[in-house]
Amino acid sequence: MRGLLILIEGLDRSGKSTQCDLLQSHLNSTTQANLYKFPDRSSATATGSLLHSYLTNPTVQLPDEAVHLLFSANRWERQQDILADLTAGKCVILDRYVYSGISFTHAKSLSAAGSSGVIASLDWCAAPDIGLPQPDLTIFLEVDEDTAARRGGYGAERYETKEIQTRVRQVFARFEKLANTDGKLQKWHTVNAAGSIEEVHQTIRGIVEEYLANETLRKSPVDKF
Ligand code: ADP
Ligand code: FDM
Ligand code: MG
């Protein structure tokens, strides 16, 4: 049986990285699990260092459209590794992926002045990721703004401002709505991440266990976006 492709998405400081590490340790006790964090800023990718510069250095200027394509390219750079892990029976945990890509770029178009370019189109934002492996399940960690704020102030990176975070929150809310109404995102689980680290971990484990036990799923090919 192949491994599961598990995506942990969520708002800033919702606990994604904390929960990815805990889930990886848990899965490693019974099976094997690899963790991929996006953007992958490591030397495993050619785009990682450029994206890191863009996120950390405000003087780096790139058109929004180009940055969007770079984030997608960064995922494509790891595609073969992810597929190889899954085929080898390893679970793969993703810390951010396509939905962060769409949300952050599209959020830029929601300025008070309105959108001035193609990034206002969700279809355009989703297009470069078409063909990437689709997660078997997406766990979306949700925290209210006040709880997130209590977990630490905004850092120095480009998108760590209240204005951008508020807009990203609005775009992510659309995905949740889609999951509830359209049936397009059936494998989307919104988890209240305001509880303790251990409580959230247990909730995530419960969801993942069901998918792990699904032999039909694990004997079928990985879906593509
Ligand atoms: P993200 O990757 O979503 O930005 P992190 O996992 O880095 O979030 O967590 C952000 C901060 O909040 C860290 O200091 C972490 O220890 C803390 N944290 C994570 N989960 C919780 C939680 N459930 N309750 C309280 N603090 C948390
Ligand atoms: N981000 C992340 C994007 O704008 N697009 C993407 O496709 C991805 C994967 O990069 F601000 C943004 C989201 C966040 C930053 O921060 C990465 P972390 O702390 O490394 O997750
Ligand atoms: Mg993180």
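Helix α4 (residues 98-108) makes the largest contribution to the shell around ligand 2, giving three residues; helices are DSSP runs of H or I of at least four residues, and strands are runs of E of at least two, numbered from the N terminus. The model is a predicted one, in which local features need pLDDT of at least 70 and side-chain atom pairs count only at pLDDT 80 or more, while totals for chains, interfaces and linings use all residues. Residues are numbered from 1 along each chain as its sequence is written, and chains are lettered from A and ligands numbered from 1 in the order in which they are written.

**Ligand 2**
- The shell consists of F38, P39, L55, F71, R96, S100, G101, F104 and Y159, a residue being near a molecule if its C-beta atom, placed from the backbone, lies within 6 Å of it.
- Six of these shell residues are nonpolar, two are polar and one is charged, where Ala, Val, Leu, Ile, Met, Phe, Trp, Tyr, Cys and Pro count as nonpolar, Asp, Glu, Lys and Arg as charged, and the others, Gly among them, as polar.

**Ligand 1**
- Of the 13 residues that surround ligand 1, the closest are G15, K16, S17, T18 and R151.
- Two or more residues come from each of α1 (16-28) and α8 (197-212), and α1 has the largest share, with three.
- Seven polar, four charged and two nonpolar residues make up the shell around ligand 1.

**Contacts of I93**
- Beyond its neighbours within four places in sequence, I93 is in contact with I6, I8, C20, L23, Q24, A33 and L35, contact requiring C-beta atoms, placed from the backbone, within 7 Å.

How values were computed: Two residues are in contact if their C-beta atoms, placed from the backbone, lie within 7 Å.
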